[in-house]
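Open the model in your viewer and keep the selection tool at hand. This tour goes stop by stop, saying what to select and what is there.

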Amino acid sequence: MRIGVDIDGVLADSLPLWVGELNRFFNKNRRVEEIHLFDICKTYGITERELNEFLRRKGRYLMTGPPPVAGAPYYLKKIKQHHEIFIITARDGQFRRETGEWLEKHGLPYDELILLGSHEKREACLESGLNVLVEDTLEISIKVSSAGVPVLLLDAPYNQGALPGLVYRKRSWEEIYRTIAAGPQQLFPPRLKSATI
């Protein structure tokens with residue numbers, strides 16, 4: 001199968017680092033539980049311009065500083081033994097070198113690295129012919145699954161809520177691995193198997 005995998009919140013435990021740096025930069029006192037990386041401007045009450053200045057100053061550190069999510073390196077290596085891995089991230093292309101170095105440093109294998117510079121992943125998933133996407137943002141999961149691509153949603157405080165068809169909540173990388181290892185029958189309703197695979 002062709003497996004799409006997000007970075008921040010899925011491979012990289014980015015949120016605590018982002019919250020600490022955002023709080024210092026904007027003199028706020030937000031808690032990790034309050035944050036939604038999908039909409040930082042709204043959460044922090046800042047403009048796009050202010051966010052861009054923050055990223056200009058702190059971006060390199062934010063891309064290289066977080067530790068991996070628990071279990072991600074181990075289970076991604078196991079998945080890579082039998083499947084193609086497409087890293088699909090909203091990170092901007094200007095951070096390609098830093099992102100590649102971070103993935104290599106933490107032993108996270110992949111076949112292709114796609115930096116979109118936006119949260120619009122639906123078309124990239126379709127163009128890459130993905131069989132499944134591992135994601136942490138509910139809004140992205142809804143859009144991608146509406147195109148017929150199943151999504152394994154890594155559980156987080158900011159992605160709670162009802163899940164549409166083809167979005168499956170997973171609480172750990174071990175659960176993600178077990179679902180993928182079980183094969184396509186775990187990802188597609190019976191009526192879609194023959195048309196999708």
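Predicted model: local features only at pLDDT ≥ 70, side-chain atom pairs only at ≥ 80, totals over all residues.

Select α4, residues 72–80, and then α8, residues 173–181. How are α4 and α8 oriented to each other? Their axes make an angle of about 10 degrees. Angles under 35 degrees count as roughly parallel, so α4 and α8 are roughly parallel to each other. The two axes lie 9 Å apart.

Now show the side chains at this contact. On α4, select Ala-72, Tyr-75, Leu-76, Lys-78 and Ile-79. On α8, their partners are Trp-173, Glu-174, Tyr-177 and Ile-180. Colour these residues by class: seven are nonpolar, two are charged and none is polar.

Next, colour by domain. The domain assignment gives domain 1 as 2–13 + 68–182, and domain 2 as 14–65. How far apart are the C-alpha centres of the two domains? They lie 21 Å apart. Domain 1 puts 14 residues into the contact, and domain 2 puts in 13.

Last stop: the second largest pocket. Its volume is about 290 Å³. Select Gly-9, Asp-13, Val-69, Asp-155 and Ala-156 to find the middle; of the 20 lining residues, these are the closest to the pocket's centre. Then bring up the whole lining. By class, 12 of its residues are nonpolar, three are polar and five are charged. Keep the domain colours on here. Domain 1 and domain 2 each supply at least three residues to this lining.

Methods: Residues numbered from 1 in each chain as written. Heavy atoms only, no water. Axes fitted to C-alpha atoms, helices over the stretch in contact; angles between N-to-C directions. Helix = DSSP H or I, 4+ residues; strand = E, 2+ residues; numbered from the N terminus. Parallel < 35°, antiparallel > 145°, perpendicular 65-115°, else oblique. Contact = heavy atoms within 4.5 Å. Nonpolar A, V, L, I, M, F, W, Y, C, P; charged D, E, K, R; others polar. 1 Å grid on protein atoms, 1.4 Å probe; cavity = no way out; pocket = protein on both sides within 12 Å on 5 of 7 lines; lining within 4 Å. Points joined across faces, edges and corners; volume = space filled by probe spheres on them. Domains from an automatic or database assignment.
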